[in-house]
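Q: Please show me how to read the main features of a model, one at a time.

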Amino acid sequence: MPPAPQQVAPAPSKFGGLAWTALILGIVGVLGSWVPLLNNVTAVAAAIGFVLGVIALFGTKKVLAAIGVVLCVLAIVFTVIAQNAFVKAIDDAVNGPSASDAAAAPKVYAVGETATGAKTDITLSKPRTFTTSETASPGGVKAIGYDVTVVNHGARAVPAMLLSITASVGDKPSDQVFDSGGGYPGEPTTDLLPGKSVTFPVAFADNGGEVLVQFSAFLDGDKVYFKQPR
């Protein structure tokens with residue numbers, strides 16, 4: 001009687017354990033990469049996982065190992081980004097914003113100065129105070145007025161609809177004064193053509209305190225600010 005055939009046990013997955021370990025360490029590294037201080041530990045774990053994943057790529061769980069390697073790399077990259085942001089935040093809190101941040105901050109001009117841009121210039125005159133008439137909006141209130149001069153030395157017209165001006169007085173929004181009979185009709189209603197300039201009056205209700213006038217879309221698409229300490 002012939003002997004019964006022997007059952008062959010399946011071959012064990014070569015380096016399968018390493019592939020799973022790399023995957024788990026990669027997940028832990030990504031999750032912990034955004035937590036300050038803890039990400040130092042998870043980054044080391046991700047580095048170990050990366051080495052184990054590379055070894056596991058020579059085994060039978062190649063796809064699993066590849067995913068683990070990618071996650072470990074991402075964990076290290078995220079950790080570096082998070083740590084740089086954390087260090088910068090501490091440095092800004094201790095020493096103030098860096099020079100590059102200060103350069104990116106919008107410049108605030110004093111009244112009477114001219115904001116010069118590549119396409120347009122803006123000048124805000126020295127202020128004058130007065131009381132609005134009863135027919136003005138708002139009527140019968142103290143107000144502060146300026147003359148605005150805009151010069152367009154760009155190649156395109158500045159649309160009138162973009163000439164937007166707002167102000168805050170004493171850190172509170174201030175109502176713009178509209179009084180056609182009193183010489184405050186509002187912003188121009190016609191476009192400012194290239195090579196041309198326009199001067200017009202603008203006024204705001206005076207609540208007392210420092211004045212900050214904001215121009216939108218005048219200066220090369222950026223906002224421009226004028227401050228009047230009081």
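Q: How many residues does helix α1 have, and how far does α1 reach from its first C-alpha to its last?
A: Helices (H or I, at least four residues) and strands (E, at least two) are DSSP runs, numbered from the N terminus. The expected span is 1.5 Å times one less than the number of residues. Helix α1, residues 16-32, has 17 residues and reaches 24 Å, close to the 24 Å expected. This is a predicted model: local features need pLDDT of at least 70, side-chain atom pairs count only at pLDDT 80 or more, and totals for chains, interfaces and linings use all residues. Residues are numbered from 1 along each chain as its sequence is written, and side-chain values use heavy atoms, with hydrogens and water left out.

Q: Which residues in α1 are buried?
A: An α-helix has 3.6 residues a turn, so residues three or four places apart point the same way. Buried means under 20% relative accessible area, exposed over 50%, partly exposed in between (1.4 Å probe, protein chains only). In α1 the buried residues are Gly16, Ala19, Ala22, Leu23, Leu25, Gly26, Gly29 and Gly32.

Q: What is Thr42 in contact with, beyond its neighbours within four places in sequence?
A: Contact means heavy atoms within 4.5 Å. Thr42 lies in helix α2, residues 38-56. Beyond those neighbours, Thr42 touches Val28, Gly29, Gly32 and Ser33. Thr42 counts as buried because its relative accessibility is 7%.

Q: Which residues form the salt bridge?
A: Side chains of opposite charge can pair when their charged atoms come close. A salt bridge is a side-chain nitrogen of Lys or Arg within 4 Å of a carboxyl oxygen of Asp or Glu. The structure holds one. Arg128 pairs with Asp147, with the closest N and O atoms 3.1 Å apart. The pair links distant parts of the chain: Arg128 sits in strand β4 and Asp147 in strand β5 (residues 142-152), 19 residues apart. Arg128 is partly exposed because its relative accessible area is 30%.

Q: Which residues have the most contacts inside the largest nonpolar core?
A: A nonpolar core is a set of buried Ala, Val, Leu, Ile, Met, Phe, Trp, Tyr and Cys residues joined through side-chain atoms within 4.5 Å. The largest has 23 residues; Leu124, Tyr146, Val148, Ile165, Val213, Phe215 and Phe226 have the most contacts inside it. Strand β5 gives the most to this core, with four residues.
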